[in-house]
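Please keep in mind throughout that the model is predicted.

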Amino acid sequence: MLLDSNVSAKAFGKINLNLKVLPLKKDGFHDIESIFQTISLYNQVIVEVKNCAGCEVFCDTIVLPQKNTITMAYEAFCQIAGVDVPGVKVTLIKGIPAGGGLGGGSSDAATFIRLLQKICRIKLSDEQLDFIASKTGSDVFFFMHCDEEGKGAALVSGRGDKVKKIHSRTDLYLLLIFPGVGSNTKEAYSMVDSFLAHGDKLNYPDFNELETIYRLPPEKWNFNNTFYFALEDKIPEIKKALDELKKTDAVYTAMSGSGSTVFGVYTSLENAKKAEQMVSNSWSVKLVQTL
């Protein structure tokens, strides 16, 4: 018996605090060392049960490929759920820009799985959720292990599949700048490979120290992002946007994920709003909070 035939939820985005990309392995993948932190920017995911089988996905702003994170998550859910899974229509109302390094598609998939569990009146184990993530995308592992509202923070390593939840900070305000250029993850990793081949001279905190540093005032953070330094010369808009944030009262600035979104961190809403006024005439921006 189905609990609901029409359910919806917010799919929150994330930023990366420290993102060390390790050299390409023989299996063709990279390991990473990062802190993932959810933010108040979100997509809306609406799931409706339909009479025919399968999963249809509609988006309000972009045309999605036939195979996407939602359809892949649906197929994996059907394999692992152990119940008859209904056909569904999924509508995505996007608030998170695509290609911005904020995890929108991955968060959509994890939120969709939470809603499917509600519809089917089941609760999957962590192992089952990880199976679905393995069939869907690396960042999905993190979002699968967020709380029931899709919020949280974690130390993330391996291919993104090793997730250690930590107590999330909710005391920080972020000003996001969207430089107006997308960053293709596959191409970004190719640029990282070239960057690493010439010798990565960046200083990164030890992985075991990341949570301790995360607890410090942000002005004391010494995080780094391999992607930024691999991309800064190739996509000059990213560097320009980051330089703009450095002119404000931001206590820390960085790029999220593989880009192209950059962000400034503020310890008060007042300072964040002042920064927003300074840069909003030149850039597309969004003021958010850590969750």
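## The second largest pocket

Helix H2 makes the greatest contribution to the lining of the second largest pocket, giving five residues, and E1, H2 and H3 are the elements that each supply at least two residues of that lining. The volume of this pocket is about 510 Å³, and of the 21 residues that line it, Arg114, Gln117, Lys123, Asp147 and Glu148 lie nearest its centre.

By residue class, the lining of the second largest pocket divides into seven nonpolar, five polar and nine charged residues.

## The largest pocket

The largest pocket holds about 1400 Å³ of space, and among the 49 residues that line it, Ser106, Gly137, Ser138, Asp139 and Thr185 are the closest to its centre. Here too H2 gives the most to the lining, in this case with four residues, while at least two residues each come from E1, strand E2 (32–50), helix H1 (69–80), H2, helix H3 (126–134) and helix H5 (185–197).

The lining of the largest pocket consists of 18 nonpolar, 23 polar and eight charged residues.

## Enclosed space

How many cavities of 30 Å³ or more are there? The count comes to one, and the volume of the largest cavity is about 30 Å³. Its lining is made up of Ile15, Leu17, Gln37, Leu172, Leu174, Trp221, Phe263, Val265 and Thr290, with strand E1 (6–21) and strand E9 (262–266) being the elements that give two or more residues to it.

## Aromatic contacts

The count of aromatic pairs in the model comes to 10. In one of them, the ring centres of tryptophan 221 and phenylalanine 223 are 5.3 Å apart with their planes at 45°, so the pair is tilted. Tryptophan 221 has a relative accessible area of 7% and is therefore buried, and phenylalanine 223, at 6% relative accessibility, likewise counts as buried.

Phenylalanine 223 also pairs with tyrosine 252: their ring centres lie 6.4 Å apart and their planes stand at 90°, so this pair is edge-to-face. The pair links distant parts of the chain, since phenylalanine 223 is in the loop between helix H6 (210–215) and helix H7 (226–231), whereas tyrosine 252 is in strand E8 (residues 252–255), 29 residues apart.

## Nonpolar cores

The largest nonpolar core comprises 64 residues, and those with the most contacts inside it are Val47, Phe77, Val90, Phe112 and Ile113. Helix H2 (residues 104–120) provides the largest share of this core, with eight residues. Apart from this core lies another, of 24 residues, which includes Ile39, Ala153, Ile213 and Phe263.

Which residues does valine 47 touch, leaving aside those up to four places away in sequence? Valine 47 is in contact with Ser5, Asn6 and Val7, with Val88, Lys89 and Val90, and with Phe112, Leu115 and Ile119. As general background, nonpolar side chains tend to be buried together in soluble globular proteins.

Terms used: Residues are numbered from 1 along each chain as its sequence is written. This is a predicted model: local features need pLDDT of at least 70, side-chain atom pairs count only at pLDDT 80 or more; totals for chains, interfaces and linings use all residues. Side-chain values use heavy atoms; hydrogens and water are left out. A nonpolar core is a set of buried Ala, Val, Leu, Ile, Met, Phe, Trp, Tyr and Cys residues joined through side-chain atoms within 4.5 Å. Buried means under 20% relative accessible area, exposed over 50%, partly exposed in between (1.4 Å probe, protein chains only). Contact means heavy atoms within 4.5 Å. On a 1 Å grid over the protein atoms alone, a cavity is a set of points where a 1.4 Å probe fits but cannot get out, and a pocket is an open set with protein on both sides within 12 Å along at least five of seven lines; lining residues have an atom within 4 Å of a point. Grid points are joined across faces, edges and corners, and a volume is the space filled by probe spheres set on the points. Rings of Phe, Tyr and Trp (its six-membered ring) pair if their centres lie within 6.5 Å; planes under 30 degrees apart count as stacked, over 60 as edge-to-face and the rest as tilted. Ala, Val, Leu, Ile, Met, Phe, Trp, Tyr, Cys and Pro count as nonpolar, Asp, Glu, Lys and Arg as charged, and the others, Gly among them, as polar.
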